[in-house]
Amino acid sequence: MNLRAQIEALESLATLDASLAKLEAELRGEGERLSDKKSQLKKLDERFESTRASVGDMDRTRGELLQDARQMSVQMERSREKLARCRTERELNATQREIEELRKLYRDRELEIEKINGLAEQARSEMEKANQEREVLTTDMAKDDASATRLDSLETAVSAEREKRKELVKAVPPALYRRYEMIRKRRGSALAWTFQGTCSACHISLSPMAFQRLRRGEDFDQCPSCQRILYYRESNPADAGSSDATSSSSSADPGDTAGNETDS
Ligand SMILES: [Zn+2]
């Protein structure tokens, strides 16, 4: 397999890898967005349920307090009747104390009921709020059916690209592919070229000797700075207007190339 063919195989692979990486990132983002909403919904459901449970508890407690209060008022009625039948001053005082005590207990129950009413009202409005939020989210998620479709089509696109990749990999000699993968995993991209003596990815200047060796087109080289697989191009593809996936995302100023190790 001559070098030209290997370069072409690597170039196709690098172009595909760049678009695949973009798709995979998009897919991850979309999936996270959806599962975020699902977990938000679950939290709202839990909040709603636990508030409802505590409202139930409060209703029960209030029922008990009301019953207590009713009993006390019955007892008070009886004590008042007793008051009329009292013969001695001592009896009278004791019954009055009894009534006073019952009134105080009755008042305590009333206060507790008021407190519970306030809390229950607060809990009900919390429930309502959770319910509203849940409705908004559910409507939102129904609209997200479009987003689920988007997820599906992204998944399809990614698996199609992965299939295509398998074919492209077959065209690359195994040893070269292993080197490519090792660099790609570390750097995000693995292929760079040189046109006038600088690395297209990290923009470092190559030594004249290394550049001449590449120009002779006998073999690949490796960039001394970013370690990407390097090859020689007879023209600058940027001038030809073609987009190039192998010229990395490095944003180093192309004018400042001498000894520039921005991609270390
Ligand atoms: Zn480089």
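Which residues point one way from E1, and which the other way? I started my notebook with that one. Leu191 and Trp193 point one way, while Ala192 and Thr194 point the other way. I checked burial too, and all of them are buried.

**Entry: what I'm looking at**

I reminded myself that this is a predicted model. I looked up the confidence next: the protein chain averages a pLDDT of 88, and 89% of the residues score at least 70.

**Entry: the parts list**

I counted five helices and three strands in the protein chain. Going from the N terminus, I wrote the order down as α-α-α-α-β-α-β-β. I also noted that 16% of the 264 residues count as buried. Then I looked at contacts with a separation of 6 or more, and 74% of them join residues 24 or more positions apart.

**Entry: the sheet**

I traced the three strands and found an open sheet in the order E1-E3-E2, with mixed pairing. E1 and E2 stand at the edges with a single partner strand each, so one side of each has no neighbour in the sheet. I looked up the pairings one by one. E1 and E3 pair in the parallel sense over four bridges, and Trp193 has Tyr231 as its bridge partner in E3. E2 and E3 run antiparallel and are joined by two bridges. For Asp221, I found Leu230 as the bridge partner in E3. I then checked what lies on the sheet: H5 lies across E1, E2 and E3, at about 65° to E3.

**Entry: helix H1**

I followed H1 from end to end. It has 83 residues and reaches 122 Å from its first C-alpha to its last, close to the 123 Å expected. Which residues of H1 are buried? I listed Ala9, Leu10, Leu13, Ala14, Asp17, Leu44, Thr51 and Met72. I asked what covers them, and the cover includes helix H2 (89-143), helix H3 (145-170), H4, E1 and E3.

**Entry: the core**

I went looking for the largest nonpolar core and found 23 residues in it. Those with the most contacts inside it are Leu10, Ala192, Cys199, Cys223, Ile229 and Leu230. Helix H1 (3-85), helix H4 (174-187), strand E1 (191-194) and strand E3 (229-232) each give two or more residues to this core. Leaving out residues up to four places away in sequence, Leu10 touches Val172, Tyr180, Leu191 and Ile229.

His203 has a phi near 65°, which is positive in a residue other than glycine. I located His203 in the loop between E1 and helix H5 (208-215). Gln227 also isn't a glycine, and its phi is positive at about 65°. I located Gln227 in the loop between strand E2 (221-222) and E3.

Is each of these buried or partly exposed? I counted neighbours to decide. His203 is buried because it has 26 other C-beta atoms within 10 Å, and the cut-off for buried is 20 or more. Gln227 counts as partly exposed, with 19 C-beta neighbours inside 10 Å.

Definitions and conventions. Residues are numbered from 1 along each chain as its sequence is written. This is a predicted model: local features need pLDDT of at least 70, side-chain atom pairs count only at pLDDT 80 or more; totals for chains, interfaces and linings use all residues. A nonpolar core is a set of buried Ala, Val, Leu, Ile, Met, Phe, Trp, Tyr and Cys residues joined through C-beta atoms within 7 Å. A residue is buried if 20 or more other C-beta atoms lie within 10 Å of its own, exposed if 12 or fewer, and partly exposed in between; C-beta atoms are placed from the backbone. Two residues are in contact if their C-beta atoms, placed from the backbone, lie within 7 Å. pLDDT is the predictor's confidence in each residue, from 0 to 100. Two strands pair if DSSP finds at least two bridges between them. Axes are lines fitted to C-alpha atoms, for helices over the stretch in contact, and angles run from 0 to 180 degrees between N-to-C directions. The expected span of a helix is 1.5 Å times one less than its number of residues.
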